[in-house]
Amino acid sequence: MNAIDKKTVLTEALEAAVSGDKSRLDEFFTEDVAGWTPTLAVGSRSELAGEFDDQHGALSNVEIAFDAIYLVGENAIAEWRLGADHTGPLEIDEDVAIEATGRRIVLAGATFAEFRGAQISAFRTYFDDAALIEQLLVEA
């Protein structure tokens, strides 16, 4: 797989994740994909699809911009910025959900992806979840 293809797969997979578009999960991720973010952990593509269902509806008018994409061997790293409106309940963990605030949130983060062939076999996404919660809970 060439460098351009890895960049395309990673950016399109992240765009699908923030929009909640599950239609191309089979294309982007291996069946046994393992992944982690501050708000989820998955060990398969079907678990990832379930997380898409659980979290989407919380944010709308989502925009993602990529600041840089790095390729290192079979891995790709994307630095990104995300803006979204908080328009539905956002589940923080099994016991805590933050009801819609209508606020515009802004996050910056990075996603590290490991590839097997043309698909992502593992990913780790880092962002400041405390900053997210602060944006949603602090009174304007």
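Which two side chains meet in a salt bridge at 3.1 Å, N to O? Select Arg-124 and Glu-114: their side chains form that bridge. A salt bridge here is a side-chain nitrogen of Lys or Arg within 4 Å of a carboxyl oxygen of Asp or Glu. Arg-124 lies in strand β8 and Glu-114 in strand β7, so the pair ties together parts that are ten residues apart in sequence.

Before moving on, some ground rules. This is a predicted model, in which local features need pLDDT of at least 70 and side-chain atom pairs count only at pLDDT 80 or more, while totals for chains, interfaces and linings use all residues. Residues are numbered from 1 along each chain as its sequence is written, and side-chain values use heavy atoms, with hydrogens and water left out. Helices (H or I, at least four residues) and strands (E, at least two) are DSSP runs, numbered from the N terminus.

**Stop 1**

Buried means under 20% relative accessible area, exposed over 50%, and partly exposed in between (1.4 Å probe, protein chains only). Arg-124 is partly exposed at 30%. Glu-114 is partly exposed too, at 32%.

The structure holds nine salt bridges. Select Lys-6 and Glu-74 for another, at 3.5 Å from N to O. This pair links distant parts of the chain, with Lys-6 in helix α1 and Glu-74 in the loop between β3 and β4, 68 residues apart. Is Lys-6 buried or exposed? Lys-6 is buried, because its relative accessible area is 3%. Glu-74 counts as partly exposed, at 47%.

Now select Arg-24 and Glu-27. Their closest N and O atoms are 2.9 Å apart, in a salt bridge. Arg-24 is partly exposed at 30%, and Glu-27 is partly exposed at 45%. Salt bridges that share partners join Glu-12, Arg-24 and Glu-27 into one network.

**Stop 2: aromatic rings**

Show the rings. The whole structure has four aromatic pairs. Rings of Phe, Tyr and Trp (its six-membered ring) pair if their centres lie within 6.5 Å; planes under 30 degrees apart count as stacked, over 60 as edge-to-face and the rest as tilted.

Select Trp-36 and Tyr-126. This pair is tilted, with 5.3 Å centre to centre and 55 degrees between the planes. Trp-36 is partly exposed, with a relative accessible area of 37%. Tyr-126 is partly exposed at 38%.

**Stop 3: the largest pocket**

How much space lies in the largest pocket? About 710 Å³. On a 1 Å grid over the protein atoms alone, a pocket is an open set of points where a 1.4 Å probe fits, with protein on both sides within 12 Å along at least five of seven lines; lining residues have an atom within 4 Å of a point. Grid points are joined across faces, edges and corners, and a volume is the space filled by probe spheres set on the points.

Select Ala-17, Val-18, Thr-39, Leu-40 and Phe-127. Of the 32 lining residues, these lie nearest the pocket centre. Then colour by element. Helix α1 (3-19) is among those that each supply at least two lining residues, as are β1 (29-37), α3 (45-55) and β8 (119-127). α1 gives the most, with six.

By class, the lining has 22 nonpolar, eight polar and two charged residues. Ala, Val, Leu, Ile, Met, Phe, Trp, Tyr, Cys and Pro count as nonpolar, Asp, Glu, Lys and Arg as charged, and the others, Gly among them, as polar.

**Stop 4**

Select Val-42, in strand β2 (residues 40-42). Val-42 is buried, at 8% relative accessible area. Leaving aside neighbours within four places in sequence, Val-42 is in contact (heavy atoms within 4.5 Å) with Val-33, Ala-34, Gly-35, Glu-47, Leu-48, Glu-51 and Phe-123.

Next, select Gln-135 in helix α4 (residues 129-137). Gln-135 counts as partly exposed, at 25%. Beyond its neighbours within four places in sequence, Gln-135 is in contact with Arg-103, Arg-104, Ile-105, Val-106 and Leu-107.

Finish at Asn-61, in strand β3. Most residues other than glycine have a negative phi. Asn-61 has a positive phi, near 50 degrees. At 53% relative accessibility, Asn-61 counts as exposed.
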